[in-house]
Amino acid sequence: MDMGQTQLHSLHFLVAEADPVQRRALIEALGQVGATRVTDVPDGPMALRTLQAGFTPKIDVAVIDLDLGGMDGLELLRAIAALKSDARLIVVGAQPASVLFSVESLAQAHGVDLLGTVAKPVTSTKLKVLLDNYQAPRRAPAAAPGPSFTFAEVGVGLQKRQFEPFFQPKIELATGQVKGLETFARWRHPEHGVLGPSAFIGALEANNRIDFLDWTMLEMSVERCRHYHDQGIPISISLNLAPETLAHPNFIRQVTSTMQRHGVLPDYLTFEMTESSILSFDADFIERLVRLRMLGFGLAIDDYGTGRSNLQILARIPFSELKIDRSFVDGASKKRQLGTVLKSCLGLAHSLDRMSVAVGVETRQDWDFLQGLGCTYAQGYHIANPMPADEFPGWLEDWRHFF
C-alpha cells in the first residue's frame, strides 16, 4: 500500500545525523513528502535513547546516518536490534552502493526492520520510494507451537494414507502456460488438520527413514499425474528426493516399476535434489543420476546458490533444470546486487542448455523482471500456493481464462 500524505502526517520520525547542515536537509526532505513530527539528534547514543521503548511519543520511522558520532553505524544497527524496537529504519550514507547493500544484509541478519538504504545526497524523491513501502506494525499473537509426533505416530499416518501431495504450479514465463507441478508433502491429520513438513520431517530424519515419505509421495504423485492425464491435462510433476533414497540399491528398479504400473512416461517426472547433496557425490551417485537421465527422467538442482558451488561439477552433472533459490529472486527487481547474482545464475543455466526455474516469485515486479531476463519458469505465491490435488484442475481453468 502506498503511504498518503495524511498517513505520513501521523508518523513520528527520528533523524540521526551528525552534520547540522545535512541534518536540516533531511528534515526538509521529510517535510516535502508530508512528515510533520520530526525529532532530530546528532549522535548514536542519543538516537538509541530516543528509540527505547519508554520514549514518548514513540518513533515510527528512524532515518539513521552511518557516520554518527559516539558509535559507528554498524554498532548502532546491532544496538538497535537489541532494543527490539518497532521503528522502521532508513539508513543513509556516503558509501558505495555495494557497501549499502551489505548494510541491508547485515540489518536483515540482525532482525532490524529496514525500509531500505539511501545513498547521499538524500532527496525527498528517494525517501518517498522507501516510505511508500511503510506499513504499520501488526502485533501478531504469539504462535502456539505446532504439534510434534513420534516416529511411530508418523509411521501410522503413512500406513493409513493420511499423507498426500499438495501441488504448486510452475509457469512458463514466455507464454504464461502451466508447464508443471512441484509436490509438497502434507499430512491430513484426523485431529490437527493439514500439517506441513515441520510436524513430521524431524522424526523421520532422526530415524534415517526419510525414504518412507519419499516413496509415499512418489507413488501418490505419479498416481495423481496419471489421473490428470486421463482428464486431458498432460502435466509434469517435480518431486523432492533425499540422496539417501536415491542411493538405495533398488531405487532405479522401483521407480521404473512405479511409472509402468501407472502408465506414466519418465518424461513427466523430475527429481529435485539440493545443491549440497549433489556436490557431495561419489561414483555410484553420479551413475544413478546419469541412468535416470538416460531413462528420460528430469533432474533439477534445488536451492541453487545456497551451497558452495563448484561450476565444473555442475557442468558435469546431467541435470535438466536449475532451480534458483528464493533468496536471489525475492526483491531482485529492486536490488541491483541481487539482480546481478540472479542474472549470473540464469546465464549459467542458459550456457549449459538447461532450463531455469525461479522459486519464490512473490510480486508482479519480480515476474516482469524475470521475464525480461529470459528465465524459463517461475513459481511462487504470486502465482499460487501449494494446493490440494483436487483443486488444481479448477485453478488451471481459472488461470487459462486469465491468460
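Analyst: Two strands are said to pair if DSSP finds at least two bridges between them; strands (E, at least two residues) and helices (H or I, at least four residues) are DSSP runs, numbered from the N terminus. The model is predicted, so local features need pLDDT of at least 70 and side-chain atom pairs count only at pLDDT 80 or more, while totals for chains, interfaces and linings use all residues. Residues are numbered from 1 along each chain as its sequence is written, and side-chain values use heavy atoms, with hydrogens and water left out.

User: What makes β3 and β4 a pair?

Analyst: Five bridges join strand β3 (residues 61-65) to β4, and the two run parallel. Because two bridges are enough, they pair. Within β4, L89 is the bridge partner of A62.

User: Why is the crossover from β3 to β4 called right-handed?

Analyst: The term applies if, with the strands pointing away from the viewer, the path from the first strand over the helix to the second runs clockwise. The chain passes from β3 through helix α4 (residues 73-83) to β4, and this β-α-β crossover is right-handed.

User: How do you know that β4 is mostly covered?

Analyst: Buried means under 20% relative accessible area (1.4 Å probe, protein chains only). Six of the six residues of β4 (residues 88-93) are buried. Both faces are covered, with R88, I90 and V92 on one side and L89, V91 and G93 on the other.

User: What joins β4 to β5?

Analyst: Five bridges link β4 to strand β5 (residues 114-119), and these strands run parallel. The bridge partner of G93 in β5 is A119.

Methods: Buried < 20%, exposed > 50% of the residue type's maximum accessible area, 1.4 Å probe, protein only.
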